[in-house]
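I opened my notebook to look through this one piece by piece. Here is what I looked up, in the order that made sense to me.

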Amino acid sequence: MNLSLFQSIRGAFLPTTTTNDAGAPAYAMDDRTALAQLAVTGCFGQTFYADAETQLDRLLTHAQAVEPEFLARTILYSRNAAHMKDTPAVLCALLSRRNFGLLDDVFPCVIDNGKMLRNFVQAMRSGHAGRKSLGSAPRRLVRNWLNYASDAAIISATIGNQPSLADVIKMVHPKPLTPAREALFAWIIGKPHDPALLPAVLRDFEAWKIDRSQALPDLPFAFLTAQPLSNRQWSDIARRATWTTTRINLNTFLRHGVFNDKAMVELIAARLAEPALIEKARVFPYQLLVAWLNVARQMPAEIKNALQIAMEHATRQVPEIKGRVVIAVDISGSMHDPVSGYRKGATSKVRCLDAAALIAAAIMRKNPRAFIIPFHTKTVTATISPMDSIMTNVKILQALPS
């Protein structure tokens with residue numbers, strides 16, 4: 001017999017070169033590939049096998065090893081295509097030491113809101129990028145953002161800490177270009193100012209705090225919910241909330257009687273299912289899975305159905321893969337642990353199985369010929385149809401015996 005023709009299938013594979021976080025044999029990636037993977041899929045939180053520090057160390061190690069031009073392109077893709085937040089801010093901080101000219105080009109495209117600005121400043125101050133202060137050039141970029149951002153962007157940026165926007169302003173000492181912007185900065189850091197120069201919405205807010213019978217000012221959600229509110233005012237907030245605010249606060253709206261009004265149920269359901277708003281919100285399918293798993297049992301069916309419709313729209317970016325696709329989904333006992341990791345306790349209602357089922361169902365949605373094979377110690381038969389909704393197929397995989 002010609003043994004070269006009938007060798008074991010094991011010999012047909014290239015030998016592995018490393019081990020993964022679970023200790024299993026794996027293939028090492030080059031620095032470019034590893035950086036690209038971390039930049040679009042990584043997180044700075046506890047996962048099942050790797051902690052936040054390990055992930056950050058790997059990201060920085062690979063980022064230091066690639067050329068600055070590739071790093072800059074990765075930052076742009078991470079923010080604008082993968083919609084990441086923390087990772088591109090950290091990589092911008094690193095790029096500030098490697099090639100500030102490139103950061104000057106990348107910064108306006110990546111640091112595109114107040115949250116991203118605060119992330120960048122925190123990354124700079126943390127020391128992970130090789131410094132614990134901003135430095136003159138990054139300070140200039142932050143000052144420019146503060147001076148040229150809209151009033152609405154500045155006001156929205158005041159929500160959040162570590163650092164707060166007030167901390168950032170005190171740190172970089174921007175020179176306001178107008179008396180109105182000077183008054184706004186003073187209001188944020190608690191310094192004396194001329195109230196007449198504040199944006200109208202802040203003047204309305206200060207007046208509303210004195211007289212609650214006035215109409216609610218058109219401010220971000222967090223400004224208003226820090227104050228005592230009636231059910232009618234909660235409905236007013238829900239009526240004009242953004243798509244993301246709506247998704248995050250469904251249970252809050254339910255508790256405050258917003259969904260006692262059928263017209264509000266229809267309005268919120270239509271908002272959640274609106275394709276243009278879903279795309280603008282840059283929502284991840286995983287975020288919709290979290291919302292779907294966490295909605296209260298009393299949530300109106302229209303709202304739950306709208307989340308399923310939103311999921312279908314949110315998976316439009318899943319690629320079509322050439323050839324026959326086979327997805328093996330581990331449904332063993334360990335997959336029932338939370339995605340945030342078993343060792344340090346549960347911080348999420350979402351299990352590893354839920355995330356795996358979502359990925360499999362989303363791939364099948366864009367690749368109808370894909371074949372899903374659930375397994376534990378052996379393969380399990382499951383009837384999963386590409387014609388069913390993503391959430392339906394997730395439920396089927398969730399219910400399989402482990």
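**Entry 1: H2 against H4**

I began with a helix pair and found that H2 and H4 are oblique to each other; angles under 35 degrees count as roughly parallel, over 145 as roughly antiparallel, 65 to 115 as roughly perpendicular and the rest as oblique. Helix H2 covers residues 52-65 and helix H4 residues 86-98, and they pack at about 40 degrees with axes 11 Å apart. For my own reference, axes are lines fitted to C-alpha atoms, for helices over the stretch in contact, and angles run from 0 to 180 degrees between N-to-C directions. Helices (H or I, at least four residues) and strands (E, at least two) are DSSP runs, numbered from the N terminus.

I then looked at handedness: the crossing of H2 and H4 is right-handed. A crossing is left-handed if the near helix is turned anticlockwise from the far one by less than a right angle, and right-handed if clockwise. On the H2 side I noted Leu56, Leu59, Leu60, Ala63 and Gln64, which meet Thr87, Val90, Leu91, Leu94 and Arg98 of H4 (contact means heavy atoms within 4.5 Å). This contact has seven nonpolar, two polar and one charged residues; Ala, Val, Leu, Ile, Met, Phe, Trp, Tyr, Cys and Pro count as nonpolar, Asp, Glu, Lys and Arg as charged, and the others, Gly among them, as polar.

**Entry 2: ground rules**

I reminded myself that this is a predicted model, in which local features need pLDDT of at least 70 and side-chain atom pairs count only at pLDDT 80 or more, while totals for chains, interfaces and linings use all residues. Residues are numbered from 1 along each chain as its sequence is written, and side-chain values use heavy atoms, with hydrogens and water left out.

**Entry 3: the whole chain**

I counted 21 helices and four strands. The C-alpha trace spans about 95 × 55 × 35 Å along its principal axes. Of the 402 residues, 42% are buried (buried means under 20% relative accessible area, exposed over 50%, partly exposed in between, with a 1.4 Å probe and protein chains only).

Which residues have the most contacts inside the largest nonpolar core? They are Phe120 and Leu146, in a core of 114 residues. Helix H20 (residues 352-366) gives the largest share of this core, eight residues. Such a core is a set of buried Ala, Val, Leu, Ile, Met, Phe, Trp, Tyr and Cys residues joined through side-chain atoms within 4.5 Å. Beyond four places in sequence, Leu146 has contacts that include Leu117, Ile154 and Phe185.

Next I took helix H18 (residues 285-294) and helix H19 (residues 301-314), which pack at about 165 degrees with axes 9 Å apart. They are therefore roughly antiparallel, and the crossing is left-handed. I sorted their contact by class and got nine nonpolar, one polar and one charged residues.

Thr315 sits in the loop between H19 and strand S3 (326-330). Is Thr315 buried or exposed? It counts as buried, at 2% relative accessibility. Leaving aside neighbours within four places, Thr315 touches Pro285, Ala362, Arg365, Lys366 and Ile390.

**Entry 4: Tyr27**

Last, I checked Tyr27, in the loop between strand S2 (25-26) and helix H1 (31-41). Tyr27 is partly exposed, with a relative accessible area of 47%.
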